[in-house]
Structure formats: structure tokens, C-alpha cells
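Subject: Structure for you to look at

Dear colleague,

I am passing on a structure that you have not worked with before, and my notes on it follow. Please open it alongside this message and read the two together.

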Amino acid sequence: MAAVPAPLSDLLIAVPVVILVSRTAAQLLRRVGQPPVVGEILAGILLGPSLLGALWPDGQAWLFDPSVIPYIDMLGNVGLLVFMFLVGLELDLGALRGDRRTALAVSQAGTAVPLVLGVLLALGMYGPLAPEGTDRLPFVLFIGVALSITAFPVLARILTDRGLYRTRVGALAMASAAVGDVSAWCLLAAVVAIANSGSPFDAVTTALYATAFAFFLFYVVRPLLTRWTARAERGHSDAVVLVALFSGLCLSGYVTDLIGVHALFGAFLFGAITPRGSRRTATAATRLRAFAVPVLLPLYFVSTGLRTDVSLLGGGSALWWWAGAVLAVAGLGKWGGSALAARLTGNGWRDAMSLGALMNCRGLTELVVLDIGLGLGIVGPDLFTVLVLMALVTTAVTAPALSLIRRRADVPTAEGPAAPEGPAAPVDPAAPESAEAESPALQPAEQR
């Protein structure tokens, strides 16, 4: 029998190693009260040049042979497309009912304040840190958007762990993060269009095409998909629905990539227009999550880790100063803006600070944004490393900060007497418990 040719043989070694290391790191971090995604991000960084490449370069070169890295990257991106589809599927703007004014204020302030502060910081960073040939406008806009992201799925995991998911604070946090991330993703799409276009006219044309495609999905595809899934309850197997949804997210990603605003936007939009409430849809989403998130998504973390080199920060104190400035602006802008908006709309300080802490977590969503910027050449490896570390720190600090803020509360609700529970995102009872998904509606007990 002929030997299995490389890079398949290399891939058959690298994939299980990455999955096992990511799983172990996730479990270890969970034991100290952190969302598993913190361990998975950390595992990806440690498998890269930051640790394994520094301590055992030959071992890392053997494990991640250059011929196998493109395949790891491709498989990881397929997992990422499925993840973005699931995030879109979880987007429940109906949670705004009841506290619409507070949710809108928190979401917009939590996006606008770090965005403006990030743009101001980026104006100073442009000279020393922008890659050669990068235009000022996409650079400063990208940094602003990168500092304004909230990890909606990680936030859901933390709320579930803390018993806050079905409280007023939990509902406000979920609604605010959902609306804020929609705003941030729209801004990111504009940045990508500007970076990919040769002129302002091209950027406007790209934005118009993307908007037209979004309307097509919401007003043409969604009604057709709703009718089809209703018939599928009676006439199609779960496998047919699974294939249809996976094909739909891939095709939507292909269209948005063709337009020039990245395939992830298409997968996210397709998830947002997929009808909820169907048993077969829920089953298909659960099966997609059950394979793609624990098996394929860790490959995305390690592909990010291979591009993250902490040793780049050792080149001089200036980069450390910039890293501190990025962390300060990201934390104070997001946390402070969200908390102040919540306070000005009538919430007590404990609830306001809790919302600020929750909105400040970034997780995997931030890595997605940063990878887009690195792929477009808007940021270089040194600034990419700084921003990845910012994402790791702000995500890791969220759960301890929330515990500290609410430690004197008798119940995890508003200050003073227990507040009535507000609206919360729906929970899908068909989703089994597992340690892998980030989304409580697809998985009520164990999320990323």
C-alpha cells in the first residue's frame, strides 16, 4: 500500500494535537472561573512562536510544517464560518423589548466611545506602527472598530455561569451586545470596503452591493426559507436541513467575499435570516456546532497563534507603551462608555458597572476582526500581537470583575430589592449540554 502523501500525513498529526491542547487549556481555565475561549486563545498563542517556537523550534516546525499551515488555516476558517452563522442565528433583537432605551444607549455608547478614542489613539500610532503603504483612513478606522467590539457569545457564557442570563441585567447585556456588535460589524464592513477599493467611488459601490445583498437575504430568501423549513418539519429529514443550512451559509459567504466585504459577513447574515422555532433547524444548528466548534474552530485559534509572536514586544519599550495605551483605551472606553450610559438611563451603579464589565469582553469575535485586518495588511505582526493580547486580557478580566462588582448583592439582579426579571433571549431546549458552544440558545448550560 502506498504511503499517505504529505501534507495529509502532517495534517493527521497536527489536527488532533491542536484539538487536545485546546481542549485541555479550556478545561483548565474553566476551573479558575474563566470562559473556555480564554484557554483556547491562550493555547493557540502558546503553540505558536511565542512559546513552543521559542523553546523548541524544531518541534514546532515538525508539528506545523509550512506545507500543512494553509490546510489548517482553511479548515479553521470553515469552522469560523459555521461559528459566525451560529452567532447570527442567536441574534435576538427582540430582547430589546422592555428596556429599549437603556439597551440602545448602552450599545451605542459602548461602541461610539471606544471607537472615537481608538481613532484618536490610531492617529498617533499610524506613523510608528502602520505597515508601509497602508492609508491613514482605513488604519485609524480599523483600530477604532477593533477597540469597540464585544464578544456576544462569550458574554452569554459568563451570564449563564453567574446566574444572570435570565435577569434584567442579563437581558440588557445581551440586547446591548447584539445591537452594538451589529453596528461594529457594519462599520467593519465599511472599513474592509475602503481598504479593498481603489477609490471612494469603489468603496461606495461595494457598500451598496453589500446592502442590496442584505436586503435580498432578509426580504427574499428569509420568507422562502421560512416556508421551506415549515414544510421540512413534515417532509424532509434532519440531514437535508443540515445540508441546506451549511450550503446556504457557504454560498452567502461566497457572495459577500465576491462583493469585497469578507465571507464572514455572509455567514453571519445567513444565520440572522434563518428562521427560529423549527425543531429541524435547531437540530441542524446543534449538529453543525457539535462538530465545527470543538474540531474545526481550534484550528482557527492555532492559525491565529502562529501569527502572534509575543517576542515582538521585546524589541523596545515603545511597543510596550503602545500596548498599555491600547489596553487602557479599550477597557476604559468600552467599560466606561457602557457604564455611564447605563447610569444615565436610570440604572444603579452596581448594574451600570456590571453592564460595563460585560460589554468589555471580546473573546473570539475580536480575533476574527484582527485576522481580517492582518489579512488586508491594515495592521502588521507587531500591532496584531498587541491587539491579540488586549483581546485576551479584556476577556479574562470580565468574569472576575463581575464577581467583584456583584459580590455584596443578595441576588444577581438590580441594586436594592430584587428587580423583576426582564426579557431574555430564548433558550433552545433541544440543544444538549457540552463544553463546546458559545451560544446559550443553542446550548443552555455549557458555552464558550
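In these notes a residue is called buried if its relative accessible area is under 20%, exposed if it is over 50%, and partly exposed in between, with a 1.4 Å probe and protein chains only. By that rule T206, at 10% relative accessibility, counts as buried.

Before going further, please note that this is a predicted model, in which local features need a pLDDT of at least 70 and side-chain atom pairs count only at pLDDT 80 or more, while totals for chains, interfaces and linings use all residues. Residues are numbered from 1 along each chain as its sequence is written, and side-chain values use heavy atoms, with hydrogens and water left out.

The pLDDT, which is the predictor's confidence in each residue on a scale from 0 to 100, averages 82 for the protein chain, and 86% of the residues score at least 70. Over residues 410–448, however, the pLDDT is below 50, although this stretch has 125 contacts in the model beyond near neighbours in sequence; a contact means heavy atoms within 4.5 Å.

To return to T206, this residue is found in helix α10 (residues 200–235), where helices are DSSP runs of H or I with at least four residues, numbered from the N terminus. Leaving aside residues up to four places away in sequence, T206 touches A193, S197, I259, G260 and V261.

Next come the salt bridges, each defined as a side-chain nitrogen of Lys or Arg within 4 Å of a carboxyl oxygen of Asp or Glu, and the count by this rule is three. R307 forms one of them with D73, with the closest N and O atoms 3.7 Å apart. Because R307 lies in the loop between α13 (279–305) and α14 (317–344) while D73 is in helix α5 (residues 69–90), this pair ties together parts that are 234 residues apart in sequence. R307 also forms a salt bridge with D371, the closest N and O atoms here being 3.1 Å apart. D371 is in helix α16 (residues 363–376) and R307 in the loop between α13 and α14, so this pair ties together parts 64 residues apart in sequence. D73, R307 and D371 are thus linked in a network of salt bridges, in which R307 is partly exposed, with a relative accessible area of 30%, whereas D371 counts as buried at 13%.

The other salt bridge to look at joins R280 and D238, whose closest N and O atoms are 2.6 Å apart. This pair links distant parts of the chain, with R280 in helix α13 and D238 in helix α11 (residues 238–259), 42 residues apart, and both R280 and D238 are buried.

Finally, a search of the whole structure finds four aromatic pairs, where rings of Phe, Tyr and Trp (its six-membered ring) pair if their centres lie within 6.5 Å, and planes under 30 degrees apart count as stacked, over 60 as edge-to-face and the rest as tilted. Among them are Y300 and F301, whose ring centres are 6.5 Å apart and whose planes are at 65°, so the pair is edge-to-face. Y300 counts as buried at 1% relative accessibility, and F301 is buried with a relative accessible area of 1%.

Technical notes:
Helices (H or I, at least four residues) and strands (E, at least two) are DSSP runs, numbered from the N terminus.
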